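I opened this notebook to keep track of what I looked up, one entry at a time.

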There are 2 protein chains.
Amino acid sequence: MMVLRPDGYFLWEQVCRATDEMFKENGIDNTAFPLFIPERLLQKEAKHIEHFKAEVAWVTHGGESELEERLAVRPTSETIMYESVAKWVRSWRDLPMKLNQWNNVVRWEFKHPTPFLRTREFYWNEGHSIYATEEETIKEREIILGIYSKILRELLALPYILGRKTEQEKFAGGVATYSLEMIMPDGKAVQGPDWHFDGQNFAKVFDIMFLNKDGSKAYAWQSTYAITTRVIGIMIAVHGDDRGLVIPPMMSRIQVVIVPIYRNENKGEVLEAAGKIMDSLAKRVRVRLDDRDEYSPGWKFNEWELKGVPLRLELGAREIAAGKVIAVRRDTGEKAELAMGGVEKQVQRLLKRMQKEMYKRAAKALKAMTSSAYTYAAVKKLLEDKKGFVLAPWCGSDECENKVGEETGAKITNIPLDQSKLKGNCIYCGKPAKHMANFARSY
Amino acid sequence: MMVLRPDGYFLWEQVCRATDEMFKENGIDNTAFPLFIPERLLQKEAKHIEHFKAEVAWVTHGGESELEERLAVRPTSETIMYESVAKWVRSWRDLPMKLNQWNNVVRWEFKHPTPFLRTREFYWNEGHSIYATEEETIKEREIILGIYSKILRELLALPYILGRKTEQEKFAGGVATYSLEMIMPDGKAVQGPDWHFDGQNFAKVFDIMFLNKDGSKAYAWQSTYAITTRVIGIMIAVHGDDRGLVIPPMMSRIQVVIVPIYRNENKGEVLEAAGKIMDSLAKRVRVRLDDRDEYSPGWKFNEWELKGVPLRLELGAREIAAGKVIAVRRDTGEKAELAMGGVEKQVQRLLKRMQKEMYKRAAKALKAMTSSAYTYAAVKKLLEDKKGFVLAPWCGSDECENKVGEETGAKITNIPLDQSKLKGNCIYCGKPAKHMANFARSY
């Protein structure tokens, strides 16, 4: 399980705040449901429990007493939510009902834990929508994945590939899963935020029915969606370098650090100038003046580089004399001289440019890690040599998906929505291809 | 455990948002620590575990496997946090460290659960500060209780009495507890937000030491503090009436509801006028136009009264002709005619006045529920007849506190900071009084 200190938790708060704002604009309401789910409820949907039961943390005792029924610490909240939802949905007037929770969930996985990427407790949003029609439900996909992709692109500076999961990889209990997939610097794929079309599966199990306008009774249609703390891990891996973190400006708790460079004889003068710059920046960016006397400028440079602060401003006697300040970008190391007059606008421009360029570099890397191939031999070679996503024709069968998985260690991470390259035969069985699928080793 | 639907969760979000803003202004940082606490950690502080062990929900299994060590679902996070804090605090430069979490905790109480007031899972902030000196730590009390009292007064429209808990009622593991105590309409006392001075107790148990400026090593000083979802329950009980909820304007998700009154022949005209009022209000207040055709105005009045919406605007042909709109206050039922021109400013003024008057009425009720007495007979009579707080002289001994409790069912809810009425002898033993203490039956 993770411990998130202030700088780390701020990153998650940034994601939550921006996402929540867009949720609210789209009429999605926050709620809170119990942390514990009675075992009998969790078991109601067969595929759902089948998937989660190996990973559930079970509460068996309250104080000294053994409980009559075991309680699952929520791995996800469909079952506990839908029992209530079934009571709330009565008529078409109650729909759509777009509920969300920002909370923590526990999945007792036995794989090697990695901070942010795979942890037994993680933080997420779980959106749960209930609609009167299939059509409306399916329309929601673009809205939600639009929100998530904006968060990835504009906040986290992360590019992605949008696609559908295979039948075997989709959400347990749902009909179809769509996700934003990414690549880590080691060439492994990693799944980002997702949206699930659940059809009427849960509605039938939990009896979520409503009276339609025409007087008939009908089962509701449902969707679920999530963004998790994992995106923080991806952001750290994709942008970081050998000197430490590189945090995109939109995400960083401290966007600009001012490091004054002085000797005893000019300390007052330099600190005064640094203070003025601090004041002019404070209204526009998240800035910190590092005036700690006990550390040298060099020590401070290292510390803030390690922490990934996007922009460092250096200021000494020479700069003051010239009416300038030196700006150093964390991502490229580039230095620029900024005029002290109007420094705040120049800093804002630099941060904006940096945010854009970080995204562009990551997008270029993703492109370089994406190949396509039309034979099994070529796919295998690419998976070995180049890694990343290998887009290849697939017949759509579980069997071929599994065989390729066993033989190469790569699974189908997604079937991209963009199918413009579809041609040829399944790389494994040779039958005509139904889809171009992305094969990749993954987290 | 509670299920919070959108209107209910909004109330808690309002408290969180306003409190968090003030926390941030005071340099308090949000963090996140694991939900589960290993049993060995929870047991480190003897009084702490003694108090909580009967209420802990224990996780014993992960998937099919029994865990080697039981895990407590956090009842509070001192023990899991301070193990990390001990690693982070090295020097005086690291202090103060002001950490906070907004999260959920579980206490498996066997008392009768009451929504918001006593639930097995509840939501709260848990603030944990680490200071270099006792003096700084104690200074924090006014800051934190200042923030909490502002939330009670200005958002929840709740008056309170500020005081210290007795030794028997203080936080388990701490040195002293200060709290904001309130009275419910049934005359029972209920504890609101609190702040605990923990001295060096946890620092010694968890080895939180730092290198001082003079080169000596010292144990840190600590405090903790919390506001919980309970305040929502108190707000509902204090302000509600026989027709349902009465939500203070600052808290309500919908502050103003517009109910158009029309017949078929003038529907278009009335809805157009209502829409205009809606538009002029929307930028300044949280407003909803209830244009549902399937319900009558009377049905709508009842529904919004039940839900506690502070202000209802009624608008029909007569009002339109007169250039007016009728405003009805939820708290008093008072009706006022507002001119359509500049309606938004009049509405804002009304909401502001309503918020203030709701507080004043509650403050008056609290005053009426507060008595003082100097003999045991008088105290007992007041507890029976008038209920509420009975302020009376007390020698300070556990024994007298317990005896009064056994004989009257009233405990000492707090020792008010205001001791201006101190005189006479302990109502139970007759020895000279050390404090004036508030005796009350309580939740």
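**Entry 1: the model and chain A overall**

I noted at the start that this is a predicted model. I looked up the extent of chain A: its C-alpha atoms fill a box of roughly 80 × 55 × 50 Å along the principal axes. The chain has 443 residues, and 44% of them count as buried. I counted its secondary structure next and got 13 helices and 21 strands. Among chain A contacts between residues at least 6 apart in sequence, 70% join residues at least 24 apart.

**Entry 2: where chain A touches chain B**

How many residues of chain A are in contact with chain B? I found 33, and they meet 34 residues of chain B. On the chain A side, the elements that give two or more residues are α1 (6–25), β1 (29–30), β3 (57–62), β5 (97–106) and β6 (121–131). By type, the chain A side divides into 19 nonpolar, eight polar and six charged residues.

I followed β3(A) across to the other chain. It pairs with strand β3 (residues 57–62) of chain B in the antiparallel sense, over five bridges. In that pairing I located A:G62, which stands opposite B:A57 in β3(B).

**Entry 3: a five-strand sheet in chain A**

I traced an open sheet of five strands in chain A, in the order β14-β13-β15-β16-β17, with mixed pairing. Which strands stand at the edges? They are β14 (287–289) and β17 (335–339) of chain A; each has a single partner strand, so one side of each is left without a neighbour in the sheet. Neighbouring strands here are turned by 25° against each other on average, direction ignored.

Strand β16 (residues 324–329) of chain A runs antiparallel to β17(A), and five bridges join them. One of the pairs I found is A:I326 with its bridge partner A:E337 in β17(A).

Helix α8 (residues 267–282) of chain A packs on this sheet, touching β13 (256–260), β14, β15 (311–315) and β16 of chain A. I read the angle between the directions of α8(A) and β13(A) as about 170°.

**Entry 4: helix α8 in chain B**

I turned to helix α8 (residues 267–282) of chain B and checked its length. At 1.5 Å a residue, its 16 residues should span 22 Å, and its end C-alpha atoms are 22 Å apart, which agrees.

Buried in α8(B) are B:A273, B:A274, B:I277 and B:L281. Seen down the helix axis, the buried residues of α8(B) fall within an arc of 100°, so they line one face of the helix. I recalled that an α-helix has 3.6 residues a turn, so residues three or four places apart point the same way. The face of α8(B) turned away from the buried side carries the exposed residues B:G268, B:E272 and B:D279. I listed what covers the buried residues, including β13 (256–260), β14 (287–289) and α11 (343–368) of chain B.

**Entry 5: strand β7 in chain B**

I looked last at strand β7 (residues 161–164) of chain B. Its covered face has B:I161 and B:G163, and its uncovered face has B:L162 and B:R164. In a regular strand the side chains alternate between the two faces of the sheet.

β7(B) pairs antiparallel with strand β8 (residues 176–183) of chain B over four bridges. Two bridges join β7(B) to strand β20 (residues 411–416) of chain B, also antiparallel. I found B:G163 bridged to B:S179 in β8(B) and to B:P416 in β20(B).

Notes
Residues numbered from 1 in each chain as written. Chains lettered and ligands numbered in written order. Contact = placed C-beta atoms within 7 Å. Nonpolar A, V, L, I, M, F, W, Y, C, P; charged D, E, K, R; others polar. Pairing = 2+ DSSP bridges. Buried ≥ 20, exposed ≤ 12 C-beta atoms within 10 Å, placed from the backbone. Axes fitted to C-alpha atoms, helices over the stretch in contact; angles between N-to-C directions. Expected span 1.5 Å × (residues − 1). Arc of directions from axis to C-beta.
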